[in-house]
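User: I would like to go through this structure slowly and ask, for each term, what stands behind it. Please set each value beside its definition.

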Amino acid sequence: MDDPISSRVPSALHMENRPPPVHPVKILDTAFITHNVKRFKVEKPKGYKFSPGQAARITLNRPEWLDRSGPFSFTSLTSSRTLELIIKIYDDRKGLTHELGLAHKGDELLIGEPFGAIQYQGPGYFFAGGSGITPFIAILRELHKENKLAGNTLVCSNQTAADVILGEELSGMLGKKFLNIFTRQHVIGFSERRIDRNILVTLVQNFDQHFYICGPHSFVQNLSTLLTELGATADSIVIEH
Ligand SMILES: Cc1cc2nc3c(=O)[nH]c(=O)nc-3n(C[C@H](O)[C@H](O)[C@H](O)COP(=O)(O)OP(=O)(O)OC[C@H]3O[C@@H](n4cnc5c(N)ncnc54)[C@H](O)[C@@H]3O)c2cc1C
């Protein structure tokens with residue numbers, strides 16, 4: 001059974017309105033960074049620009065995959081000469097990410113123009129469910145580079161400690177402002193639970209700041225509702241539409 005925390009499935013209708021993948025780029029390097037999450041370093045198309053937090057439709061540059069693209073967020077710094085993608089591989093369904101799991105250096109992808117509503121608007125809380133961390137990696141790396149991370153807290157929800165993406169790097173950047181919550185496995189020193197009202201009240205205290213939420217639909221919905229009930233305004237909640 002799939003955990004609602006871990007799957008972030010785009011609706012076909014939603015994707016139809018996004019720019020199709022047209023730029024061919026070669027994969028330069030790949031590595032698994034957790035048991036089911038793979039990092040891709042790929043070429044950056046000439047003149048390609050994105051804002052931290054944005055995604056693009058991506059697929060394999062093979063005839064049978066041309067009409068089966070999926071959205072993925074860029075995790076690299078905007079100044080980097082290459083693009084980085086961090087992709088959770090779902091091997092249980094023989095879909096796009098399964099095929100990306102088999103792709104390696106030298107294979108070609110197609111990338112669309114960037115899109116997305118998640119952009120940094122000021123200090124606050126970042127709530128990530130599973131692979132929903134990816135747009136925040138781009139934003140937090142950029143803030144770190146500019147020495148502007150102060151005032152931000154990242155809360156990640158995963159099934160187990162083995163599912164945490166880039167834990168070491170994020171911990172290095174954010175220190176005590178990087179919090180982990182596990183929905184399944186008990187890990188000493190961490191709580192085994194979902195982000196609920198009590199956690200939010202204890203953690204946040206001041207609801208007059210920004211709240212960035214990304215993850216599965218139910219995760220985004222639940223947290224948006226809870227934060228609104230606790231006093232956050234609609235304007236202060238930043239999510240993908
Ligand atoms: C804007 C945006 C940005 C994204 N960025 C990233 C990113 O940077 N990294 C990343 O890893 N992911 C990201 N995603 C999610 C990613 O697009 C999807 O995981 C991917 O497209 C799934 O493709 P697939 O064909 O391999 O899997 P699918 O076959 O679509 O399955 C994916 C998962 O959903 C479950 N599932 C699918 N359909 C059903 C169904 N009908 N009933 C029950 N379960 C179902 C499957 O069991 C599996 O766990 C993003 C999504 C959006 C909307």
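User: How many residues surround the ligand, and which are the closest?

Analyst: This is a predicted model, in which local features need pLDDT of at least 70 and side-chain atom pairs count only at pLDDT 80 or more, while totals for chains, interfaces and linings use all residues. Residues are numbered from 1 along each chain as its sequence is written. A residue is near a molecule or strand if its C-beta atom, placed from the backbone, lies within 6 Å of it; 24 residues surround the ligand, and the closest are Gly70, Lys88, Gly95, Thr97 and Thr134.

User: Which strands and which helix each supply at least two residues of the shell around the ligand?

Analyst: Helices (H or I, at least four residues) and strands (E, at least two) are DSSP runs, numbered from the N terminus. Strand S4 (70-73), strand S5 (82-88) and helix H2 (96-102) each supply at least two residues of this shell, and S4 gives the largest share, four residues.

User: What makes a set of residues a nonpolar core, and which residues have the most contacts inside the largest one?

Analyst: A nonpolar core is a set of buried Ala, Val, Leu, Ile, Met, Phe, Trp, Tyr and Cys residues joined through C-beta atoms within 7 Å. Buried means that 20 or more other C-beta atoms lie within 10 Å of the residue's own, whereas exposed means 12 or fewer and partly exposed is in between, with C-beta atoms placed from the backbone. The largest such core has 51 residues, and Phe127, Phe136, Leu154 and Tyr212 have the most contacts inside it. Helix H3 (residues 134-145) gives the largest share of this core, five residues.

User: How many residues of domain 1 are in contact with domain 2?

Analyst: Two residues are in contact if their C-beta atoms, placed from the backbone, lie within 7 Å. By that rule, 15 residues of domain 1 are in contact with 14 residues of domain 2, and the domain centres, taken over C-alpha atoms, are separated by 24 Å.

User: How do you know whether the radius of gyration agrees with a compact globule?

Analyst: The radius of gyration is taken over C-alpha atoms, and the globule rule is 2.2 Å times the number of residues to the power 0.38. With 241 residues, a compact globule would have a radius near 18 Å, and the protein chain has 17 Å, which agrees.

Terms used
Domain bounds come from an automatic or database domain assignment.
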